[in-house]
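Hi everyone, thanks for coming. Let me put the structure up on the screen, and then I'll walk you through a few places in it.

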Amino acid sequence: MSESLIEATAARLFGNLVSSRLLAASEQGVFAAEAWRAVEEAGLPRALVPEEAGGFGMAMAEALTILRVAGKHALPLPLAETMAAGWLLAGAGLAIPDGPMSVAPVTRGEALVLARRDGGWHLSGRATRVAFGRDAGSVAVLAVHQGVPMVALVPAGGFAVTPGTNLAREPRDTLVFDAALAADAVAPAASGVDAAALRALGAAMRSLQMAGAMAGLLDMATRYALDRTQFGKPIGKFQAIQHNLAILGAHQAAAGAAALGGAEAVGEGLRVLPIAVAKIRTGEAAGLCAGLAHQVHGAIGFTYEHGLHYLTKRLMSWRNEFGNEAEWSLLLGRHLAAAGADRLWSEITSA
Amino acid sequence: MSESLIEATAARLFGNLVSSRLLAASEQGVFAAEAWRAVEEAGLPRALVPEEAGGFGMAMAEALTILRVAGKHALPLPLAETMAAGWLLAGAGLAIPDGPMSVAPVTRGEALVLARRDGGWHLSGRATRVAFGRDAGSVAVLAVHQGVPMVALVPAGGFAVTPGTNLAREPRDTLVFDAALAADAVAPAASGVDAAALRALGAAMRSLQMAGAMAGLLDMATRYALDRTQFGKPIGKFQAIQHNLAILGAHQAAAGAAALGGAEAVGEGLRVLPIAVAKIRTGEAAGLCAGLAHQVHGAIGFTYEHGLHYLTKRLMSWRNEFGNEAEWSLLLGRHLAAAGADRLWSEITSA
Amino acid sequence: MVDLPFAPPPSCPEAEDLRLEVRAFLSEALADRTPAQRAESWQGHDPAFSRKVGAKGWIGMTWPKEYGGHERSALERYVVLEEMLAAGAPVSHHWIADRQSGPLLLRVGTEEQRQEILPKIARGEAMFCIGMSEPDSGSDLSAARTRAEPVQGGFVVNGTKLWTSGAHQADYMILFCRTGKGQRHEGTSQFLVDLQTTQGISIRPVRALTGEHHFNEVVFTDAFVPEGSLLGKLGDGWNQVTSELAYERSGPERFLSSFLVMTEMLRVIGPEPSERAAIAIGRFSAHIHTLRRMSRSVAGMLQAGENPGLQAALVKELGNTLEQEIPEIARLLVDCEPSLESDDAFAATLSLISLHAPSFSLRGGTREIMRGMIARGLGLR
Amino acid sequence: MVDLPFAPPPSCPEAEDLRLEVRAFLSEALADRTPAQRAESWQGHDPAFSRKVGAKGWIGMTWPKEYGGHERSALERYVVLEEMLAAGAPVSHHWIADRQSGPLLLRVGTEEQRQEILPKIARGEAMFCIGMSEPDSGSDLSAARTRAEPVQGGFVVNGTKLWTSGAHQADYMILFCRTGKGQRHEGTSQFLVDLQTTQGISIRPVRALTGEHHFNEVVFTDAFVPEGSLLGKLGDGWNQVTSELAYERSGPERFLSSFLVMTEMLRVIGPEPSERAAIAIGRFSAHIHTLRRMSRSVAGMLQAGENPGLQAALVKELGNTLEQEIPEIARLLVDCEPSLESDDAFAATLSLISLHAPSFSLRGGTREIMRGMIARGLGLR
């Protein structure tokens with residue numbers, strides 16, 4: 001994985017912030033507020049926001065690579081979600097608040113309803129599996145009004161939270177909205193931005209996080225194999241372990257390539273096919289790499305104390321979020337089948 | 001694999017009969033007539049025929065294990081087919097001729113038509129992928145007449161043959177029937193014997209042949225790994241090769257167990273679920289074991305001169321015959337789904 | 001002729017009557033157990049349940065009656081085991097003792113040890129744990145460093161055991177440690193350690209990645225064990241432990257750990273599944289059907305007094321692969337964001353089993369160790 | 001930080017124009033080729049086709065113009081390669097020379113060798129074969145025994161090369177053999193052997209399991225090669241061959257060998273596939289899409305003059321797995337009894353590729369060798 005300047009910066013920051021203690025506390029439901037402030041001070045949550053709206057003005061593909069680094073460190077913060085919220089809000093021309101944010105809805109088939117009321121708006125509906133919903137200072141919501149996708153900014157308090165978690169005990173909450181919003185808290189989404197686009201952005205983000213987590217696994221597992229001695233030599237000298245690490249290495253490399261392809265596609269107007277590829281390929285690699293990393297680590301990797309599980313549990317969760325491999329494969333496969341056999345190759349090369 | 005007396009006898013016989021030269025000639029379309037005579041003299045083609053009809057009166061499950069041995073030696077003869085034909089004929093109370101036989105139809109969806117004509121019968125229709133059709137002295141045919149499954153014995157000449165082959169260049173011919181048959185050449189099939197039953201018997205037989213072929217692969221690949229030296233030691237001393245052979249060994253053991261289960265089910269009135277299990281499990285193992293055996297052998301196994309391919313090409317063919325894994329899995333899966341979650345375990349234990 | 005012999009399983013018609021009896025018992029005894037609790041499989045702990053199982057005569061089934069056993073066949077015992085696993089019964093209070101510690105005592109224990117312990121096990125009242133692994137001795141058991149030094153009237157034990165499942169709940173530990181001067185396999189012995197009465201043992205939880213407490217670190221500090229606690233022959237520990245491991249690996253728990261994912265998936269999918277789901281269900285069931293046959297063949301070997309070490313390794317190799325594959329396929333057949341706290345039965349079951357799945361090919365011997373054993377069976381080592 | 005660096009592929013917009021040009025050429029040049037013939041992939045042999053490709057300027061694309069090359073980028077060359085493979089073009093007459101022998105000559109050849117040979121290659125008129133493997137030297141190249149002894153004016157070669165693809169059709173062989181006293185890697189050299197004029201070479205077909213003739217055994221019996229045929233430095237054979245192998249493994253032929261099965265499967269499955277088929281098509285395509293990206297990254301390394309050995313091994317590891325998986329899944333999605341003689345395009349394509357599939361993870365270096373290289377890249381060896 002070649003590293004850009006922004007990635008190097010993020011790696012230094014996250015490396016300093018994230019400890020086993022922080023991760024364990026986060027699993028207990030304690031929001032890492034101090035770490036969040038440091039990340040916010042570095043400006044990272046606004047990485048997808050254009051310069052004129054208070055962001056860096058960085059190319060989107062490059063900005064998104066921050067999430068690969070976050071994934072590698074299992075950063076227990078709503079960085080991806082706040083970036084996505086900022087992108088939604090900036091696209092709609094809405095002001096972007098400070099503080100952690102999230103986006104909704106994220107689950108297929110869910111929709112929120114906006115209605116005009118008293119010169120302002122009223123938002124209602126239910127959104128499940130909202131990442132860090134309980135910790136968000138505000139949530140950027142996508143809702144349709146009279147056929148037009150609208151973006152609304154809803155501050156905490158504008159929704160009721162029922163807590164839930166994923167396998168890594170990251171918050172994945174159910175939010176029930178029933179809120180009056182001021183007229184200027186709602187605006188039409190940027191052109192082309194709708195529920196499918198938000199889902200695609202989420203898929204691209206999780207792909208990058210997964211690619212980072214797998215790079216972390218490769219690093220941890222290889223180091224462990226060089227350290228741990230059994231039968232009189234480091235286990236990394238056994239051909240079977242070498243092969244396991246080689247396979248892990250190959251799949252994480254593919255995941256990294258696919259995820260970067262997805263990030264580029266976000267920058268090119270959210271081209272959906274490379275994002276599908278990214279989520280399919282990283283999702284498939286996730287389980288495989290997690291399994292191999294555990295196999296190399298043996299019993300120690302199965303303990304809470306050892307940090308391996310912070311990465312493997314995230315991988316086992318993230319691959320299901322914003323559409324699993326089957327969902328995206330079905331979309332991609334149907335597209336290719338409709339194009340037909342004689343266009344298969346040209347579809348793949350132009351996707 | 002534990003060996004019965006009949007298996008030991010068959011192993012000795014096939015071991016003497018089958019040579020690389022015989023196999024190469026068979027691939028060129030030369031019928032191994034001399035070998036056939038020896039197999040017939042040993043009485044093996046009648047192994048499924050009851051004593052009163054001129055057979056051994058052996059238990060069916062035991063008799064079928066001959067086919068495991070045949071598979072192991074890649075016996076290039078219609079032994080399974082002649083056994084199946086004898087079983088069909090004996091069940092219908094028809095006389096069983098000497099000589100190689102085959103059965104038809106064997107392809108899903110194909111049916112032959114019997115009509116009364118001139119005090120006798122007329123058989124018409126087309127049957128594809130009939131094993132050794134061109135070499136058969138006669139073909140035992142299953143056809144429906146007025147809703148009743150009938151068995152007919154059709155001597156060579158009673159059908160036109162268009163030759164075809166499988167990947168191992170075993171004859172898989174298209175037969176077009178248009179024959180007048182004497183009244184006593186046709187009789188109702190034994191109770192419960194219909195096209196599905198014939199297909200199940202075929203599936204059980206191919207499962208046994210595959211299990212045998214995989215046992216042969218394990219033997220060949222293990223010996224090769226002990227003989228072949230690279231990097232200054234037998235390749236079988238490398239952990240990666242040991243693991244490949246262990247996986248091959250495990251899957252061929254499962255294939256052997258499943259195939260014997262299928263054979264027992266034939267003896268218990270053609271119970272279809274264990275036969276489905278046999279074909280699914282051996283079919284899945286077939287490709288895996290063939291791939292591993294080739295991987296262990298390296299380039300030499302890829303040459304015509306080396307005998308490995310006689311087994312691997314058969315495995316890659318047989319797994320598709322009488323229903324591939326998907327077809328049988330669909331049948332089994334639908335059965336279990338219809339029974340429901342709370343009966344899943346009891347269905348598996350009683351199948 | 002290189003081969004891996006697997007005899008057809010002996011037939012055992014009486015086992016099928018027993019099966020119905022076990023099912024009737026379990027349907028009542030487990031009525032209140034949620035799918036997520038059932039998914040704990042043989043790690044579920046419930047001493048009251050184990051006592052009930054003991055009262056039914058389903059612990060120590062194959063042992064002589066004089067030691068509280070029931071002199072039934074290994075095939076009958078097999079039926080009880082697989083029914084317990086398929087139903088998700090909380091068997092951990094008696095499982096290890098029934099599987100390996102009891103048989104070990106029968107084989108090498110003194111008459112006194114047998115008389116004292118075996119009836120308690122058979123009643124479901126004596127839980128065992130296995131003190132084999134150590135911090136530097138996982139797959140490589142012969143690197144164990146815990147040592148028992150002979151003293152007046154017994155031995156003094158020092159050292160640390162790790163990954164000891166259930167030590168915090170167990171009554172006894174079978175301790176494997178060094179007692180002599182030899183290297184590696186030599187100079188090792190086994191002891192029957194009473195965890196309730198022995199001084200100098202501290203047990204610290206080693207939490208699993210789920211936060212669950214199954215494993216422990218067990219530290220022996222000048223712990224005195226009496227002479228009578230030596231199990232088998234002094235210095236014969238390696239041989240004893242090797243045959244104990246064949247027992248440890250011989251059961252259906254090596255391929256049924258994910259079975260409840262299948263059950264719950266079938267419930268979600270319903271009676272008319274998609275082609276894709278039906279094919280997956282059919283395929284998994286064919287694998288389980290075959291592994292059951294192979295596993296009954298292993299039971300037949302136990303019944304005949306043969307060592308099923310190689311065959312058990314083959315079953316475990318295939319079974320672990322299947323157990324790990326089932327949740328991976330299931331999650332794609334039923335769209336689901338897994339969560340341990342989900343009140344959806346499928347999601348909760350899938351979550352727990354997915355998190356445990358990586359351990360299936362570690363516990364009871366890693367995949368590498370199993371494949372090495374099979375390679376040895378093929379004459380490659 | 002342990003990692004396996006993979007730079008994003010450089011962008012190369014001009015390559016996309018070229019792509020359209022190649023497609024137009026191929027759609028005409030291959031119009032009469034049946035699916036089964038296309039399935040032969042880069043083993044298909046057609047000297048007239050190769051001459052046409054040479055005339056288009058698509059052989060030796062990156063070489064200096066003074067040697068008949070076209071000074072285009074490795075990314076442009078990559079586009080030509082993958083378009084040829086995806087279309088099933090019969091490229092074997094020029095493939096090896098373009099991929100590795102030409103670059104080898106460029107790197108280490110004498111000016112005379114380059115002037116004489118490279119333009120011929122670039123015209124598609126010089127077919128090369130690679131004399132590396134021997135009966136006892138497959139994966140272990142350093143066990144080679146073929147020897148060239150110096151004599152007046154040149155060398156006399158004795159020994160046997162095996163698995164030499166296309167030797168019976170080739171004009172030249174790049175011979176790897178021993179020339180010095182050292183063991184293993186030491187004392188080896190490479191020679192450019194003119195197969196048309198050299199005496200003492202006999203070429204015997206080694207038929208493949210399909211009956212096809214691609215491989216050969218090439219026996220050298222006191223074969224004299226002139227001094228000027230030494231390629232590179234005497235004794236430097238091992239280093240030269242190692243970097244040659246990185247070229248051998250760097251191309252898209254390591255993951256596209258089964259692509260035509262997908263094409264023909266899609267034709268059978270039609271525009272409205274079952275959920276199961278659509279998911280499989282989507283998944284395979286995602287893998288190919290990703291491997292293309294990685295492979296373009298390798299091309300970028302070649303362009304930058306970097307050694308892509310490790311990255312090529314990663315692509316080959318993943319690519320071979322995919323190539324072998326595609327026919328295995330396809331046969332279950334479309335019910336089919338394969339036969340090489342079938343007049344059904346899918347069956348014929350599937351048959352040929354299924355039979356060849358086991359060789360994908362052998363040719364160009366076995367899976368074991370690739371994984372060993374990756375492990376070395378991770379610092380484990």
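Let me start with a definition: two strands pair if DSSP finds at least two bridges between them. The helices (H or I, at least four residues) and strands (E, at least two) that I'll name are DSSP runs, numbered from the N terminus. Please keep in mind that this is a predicted model, where local features need pLDDT of at least 70, side-chain atom pairs count only at pLDDT 80 or more, and totals for chains, interfaces and linings use all residues. Residues are numbered from 1 along each chain as its sequence is written, while chains are lettered from A and ligands numbered from 1 in the order in which they are written.

So, strands to begin with. In chain C, strand β4 (residues 172-178) and strand β5 (residues 188-194) run antiparallel and are joined by seven bridges. Across that pairing, C:L175 stands opposite C:F191 of β5(C). β5(C) also has two bridges to strand β8 (residues 230-231) of chain C, again antiparallel, and there C:Q190 stands opposite C:L231. How many of the seven residues of β5(C) are buried? Six of them are, which leaves the strand mostly covered. By buried I mean that 20 or more other C-beta atoms lie within 10 Å of the residue's own; 12 or fewer is exposed, in between is partly exposed, and the C-beta atoms are placed from the backbone.

Over in chain D, strand β2 (residues 147-151) and strand β3 (residues 154-161) pair in the antiparallel sense over five bridges. D:V151 has D:G154 as its bridge partner in β3(D). The two strands form a hairpin with two residues between them, and D:G153 in the turn has a positive phi of about 80°.

A:Q146, in the loop between β4 (138-145) and β5 (148-155) of chain A, has a positive phi near 50° without being a glycine. A:F322 is another residue other than glycine with a positive phi, near 55°, and its place is the loop between α9 and α10 of chain A. Are these two buried or exposed? A:Q146 counts as exposed because it has 8 C-beta neighbours inside 10 Å. A:F322, with 26 other C-beta atoms within 10 Å, is buried.

There are cis peptide bonds to show you as well. One joins A:A104 and A:P105, with omega about -10°, and A:P105 sits in the loop between β1 (101-104) and β2 (112-117) of chain A. In chain B, the bond from B:A104 to B:P105 is cis, with omega near -5°; B:P105 is in the loop between β1 (101-104) and β2 (112-117) of chain B.

Now for the helices. Helix α9 (residues 308-318) of chain A has eleven of its eleven residues buried, among them A:Y310, A:K313, A:R314 and A:W318. What covers them? The cover includes α2 (20-27), α6 (195-227) and α8 (272-297) of chain A, together with α11 (345-360) of chain C.

Two packed helices are described by the angle between their axes and the distance between the axes. Here, axes are lines fitted to C-alpha atoms, for helices over the stretch in contact, and angles run from 0 to 180 degrees between N-to-C directions. Helix α10 (residues 325-339) of chain A and helix α9 (residues 275-303) of chain D have axes that come within 6 Å and cross at roughly 90°. That makes α10(A) roughly perpendicular to α9(D), where angles under 35 degrees count as roughly parallel, over 145 as roughly antiparallel, 65 to 115 as roughly perpendicular and the rest as oblique.

Stepping back, 44 residues of chain B are in contact with 42 of chain C, contact being C-beta atoms, placed from the backbone, within 7 Å. On the chain B side, α7(B) gives the largest share, 13 residues. That's my tour, so over to you!

Notes
Contact = placed C-beta atoms within 7 Å.
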